[in-house]
Amino acid sequence: MQERIGVFVCKCGPNIGDKIDVDTIVNEVKNIDGVVTAKSHNLLCSNDGLEFLKEEIIKGNLSRVVVAACTPKMYEQKFMNTCEEAGLNPFLFHMTNIREQVAWVTPDKILATEKARKLCLAAINRMSFQEPIEKKEIDVQPDVLVVGGGVAGLEATLTLTAKGRKIILVEKDDSGKTETTESAQFRRVYLVEKSPCIGGVSARFEEVYQTMECAPCMLSPELQEVLQKENVETLTYSEVEEIVGSFGNFTVKIRRKARYVSEEACIGCNACFEPCPIEIPNQYDGGLSKRKAIYLPYAGALPNVPVIDRLNCLHLNGKECNACEQACAFGAINFEDEDRLIEKNVGAIILAVGSKLSDPTQFPQFGYGKYDNVLSAIQLERLNASNGPTGGKILLRNGQEPKSIAFIYCVGRKEKGYCSGICCMYMSALAHHVKEKLPDVKIYSFYTDLCLPKKEHQKIFEKVLAKGVEFIRSDGSEYVDYDGKKLIVKYKTESSVKSVLADMVILAPPVEPAKDIEKLAKLLDIPLDEHGFFSEEHILMKPFGAPLEGVFVVGTCQGPKDIGDSVAQGSASAGKILSRLMLGEKLELEPIVAEIDEEICCGCNTCIGLCPFSAIHRDVEKKVSVIDDTLCRGCGTCVAACPTGATKAKNFTMEQISAEIMEVAK
Amino acid sequence: MKDEKLAIVTFLCNWCSYEGADKAGNARLNCPSNIRIIRVMCSGRIEPQFVIQAFIDGASGVLILGCHPGDCHYKKGNYKAIRRISLLKKMLRQFGIEQDRVRLDWVSASEGERFAKVANEMAETIEQLGPLPELKILN
Ligand SMILES: Cc1cc2nc3c(=O)[nH]c(=O)nc-3n(C[C@H](O)[C@H](O)[C@H](O)COP(=O)(O)OP(=O)(O)OC[C@H]3O[C@@H](n4cnc5c(N)ncnc54)[C@H](O)[C@@H]3O)c2cc1C
Ligand code: FES
């Protein structure tokens, strides 16, 4: 069938009208084979203009439309919508830019007219290869997997499940009577947490900046809510083992590690701890206290159901012991428990696995691990916590109160090559808490640079100064010695080497990626940055979107940050998901994508490695490459590399571009 | 109208360089009229074949502009373009086509002036080289 092409040249008032001889172009293109209408208009983007365009399409029964006007960046969408209103697929329309790229940059009217003419001819030539592109929608899972139950993951979970949706269904029966039924739909969140409890690292702190409030009190309502919400399935002591699929439809396998304590039967009386004969250092207290083989990470941890550590439990290692079982009045101990693999379908994934403080033995100059009273900040946090090893008392290993403490900031910053951003504040806050508890203690704070970027930071810092904490600027070359009685902190100032004596030294080592972040990155095939944190898609514009559609990296697993920023990212990622994976709705896909003709594809795999969005995979049975529409963004890099021409970039096909070249190259 | 004969087929990526060219227009900077623009989504879409076809169809030069390295909207398309175009340039020499007739460069969405500068430089280069002698081998 012969195409019926309409060409519309906009004068844009004088903007194009005075610079280009529009009538000459219109008169010439009228005579081109296939062009049934060619007209100019004074302002095509106006309501009048759009109405005119719509009428012309209908009246002329046009099958293709070319608009020569301003940049497509301004009104292309408007014109496409008009085409659609007139019953024409919007991709049977093409726009060429004769204002910004011709009229406004070419002072000579004859030259401008000639250039605009060429561009119009190119657009018309393209018309024979224009193809309708239909909007594609797919069924999606509204449910979400959240990995990591720290503040970021909790906030995401609560935002995602805050509200369901009322679905009103109106049905007509045979007699024509209508019946209305109302039902509610809820989004489910599977919250997978590796440790036995949720709350993450901050739930273990007594008081946190910037509010100086008790973190467990601040978090407790959130933790309770998550645990009680019907549409949240909290899977503690669990890990993700496998993820397949893509945005909208992921299938995940989760390993629920055997807890050996029934979550249904246990009432949380903790009577099982006391009789357990095993004692090992509690990693949740920075090794400062001992825990049993059946334990909770810390008093008050939620859910309040202990776990049995199978490495250390006598019974589970073939020895005669069932002390905990005997102590349990509720029959909750189950030595026969086994790991279970469960499978869930979700539409999106939020990774919120947090970070950790580097092991300070990496920086041997500070004597950590060598001298008893050199502690990491996380250990002081636990000493300061009322549910910690000393019940909140700041004590030396020998049980006495310290008379002097040296806080060393910026430990390992040079070695790591980045500032962790939170240490200046939490160290200052800790100094403040210690001063409250031990008003006479002498505190030295060694820093190289102070990082106080937020609106409350300066105020807190000044409060700490007012408490009499002595801040000493050094060049970062501090080291710690011991004279048999006291620790000696040696430091350099601009002019000399000096030292102070202290009973206790507190180190602020760098925040570094959590241990198994690499494993998760491999499961999803997403990149890590040079420091080992998850990479974001764009550090400014998509600061918490992983470079894989439907996957988000929030909180400190994306880089060091404080509670407020972690919560903000958790919430924001939930917002992104809520706006795209609507309950009861399908997902509309990007129309301009690439596609592969499996008849032509030779299975060379060239395209697979080139795709920046991992959108192409190999169909092993058919031995061809297949593009996932949900991941493809339509850049066309694979198309340019395909040796057989099997790959097509929709709306930017070989034929379409060739047709343009043919006219503009003349 | 001598430059009208020396067509320079210009491929612009949709995100940075196309907007850069628009900015040149917003600022009413003069650009040579033989710069003839074709929009593609990314510089990574440019097949060597497009360049060769442009010469066969009569172009005297081909200009390919993308986002600055590291800024590609699709992350790495422009790096792919670097590899393809440098290989292509080596091949073109064998056909007797001067390498300067093909230029790959970067213009950001705010760099109207840079677009005008690159466009004018390209036009000058092509004017000096003159029209492409008939391409017997390619035909
Ligand atoms: C010593 C110290 C003091 C601090 N003091 C303050 C303060 O006063 N104020 C402030 O605003 N910020 C403070 N911070 C920062 C604050 O702790 C973090 O911003 C916050 O904890 C980050 O929350 P998150 O959810 O990203 O990670 P986290 O709190 O680290 O939580 C991550 C969770 O993911 C779990 N997880 C890890 N790996 C996996 C896996 N593979 N699968 C499933 N789950 C996994 C972890 O067990 C953990 O529960 C401090 C940090 C430190 C280290
Ligand atoms: S989008 Fe501009 S070069 Fe890739």
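How many Å separate the centres of domain 4 of chain A and domain 5 of chain A, taken over C-alpha atoms? The points below start from that separation and then turn to local features.

1. Basis. This is a predicted model, in which local features need pLDDT of at least 70 and side-chain atom pairs count only at pLDDT 80 or more, while totals for chains, interfaces and linings use all residues. Residues are numbered from 1 along each chain as its sequence is written, chains are lettered from A and ligands numbered from 1 in the order in which they are written, and side-chain values use heavy atoms, with hydrogens and water left out.

2. Domains. The centres of domain 4 and domain 5 of chain A are 55 Å apart, taken over C-alpha atoms. Domain 4 covers 357–512 and domain 5 covers 590–650. The assignment also gives domain 1 (5–133), domain 2 (138–256 + 343–354 + 514–587) and domain 3 (258–338). These bounds come from an automatic or database domain assignment.

3. Helix pair α7(A) and α8(A). Helices (H or I, at least four residues) and strands (E, at least two) are DSSP runs, numbered from the N terminus. Helix α7 (residues 151–160) and helix α8 (residues 215–228) of chain A pack at an angle of about 55°, and their axes are 10 Å apart. α7(A) is therefore oblique to α8(A). Angles under 35 degrees count as roughly parallel, over 145 as roughly antiparallel, 65 to 115 as roughly perpendicular and the rest as oblique. Axes are lines fitted to C-alpha atoms, for helices over the stretch in contact, and angles run from 0 to 180 degrees between N-to-C directions.

4. Handedness and contact of that pair. The crossing of α7(A) and α8(A) is left-handed, meaning that the near helix is turned anticlockwise from the far one by less than a right angle. On the α7(A) side the contact (heavy atoms within 4.5 Å) is made by V151(A), L154(A), E155(A), T157(A) and L158(A). α8(A) contributes L219(A), E222(A), L223(A), E225(A) and V226(A).

5. Helix α10(A). Among the buried residues are Q379(A), E381(A), R382(A) and N384(A). The buried residues of α10(A) pack against several elements of chain A, including β22 (374–376), β23 (404–408) and α12 (423–437).

6. P196(A). This proline lies in the loop between β9 (189–192) and β10 of chain A. P196(A) is buried, with a relative accessible area of 1%. Not counting residues up to four places away in sequence, P196(A) touches residues including Y237(A) and P303(A).

7. Y237(A) has a phi near 55°, a positive value in a residue other than glycine. Y237(A) sits in the loop between β12 (232–235) and β13 (238–246) of chain A and is buried, with a relative accessible area of 12%. P303(A) is joined to L302(A) by a cis peptide bond, with omega about -5°, and is found in the loop between β17 (294–295) and β18 (307–308) of chain A.

8. Other backbone points to check. The peptide bond from Y209(A) to Q210(A) is cis, with omega near 10°. C12(A), a residue other than glycine, has a positive phi near 45°. C12(A) lies in the loop between β1 (5–10) and α1 (14–17) of chain A and is buried at a relative accessible area of 11%.

Technical notes:
Buried means under 20% relative accessible area, exposed over 50%, partly exposed in between (1.4 Å probe, protein chains only).
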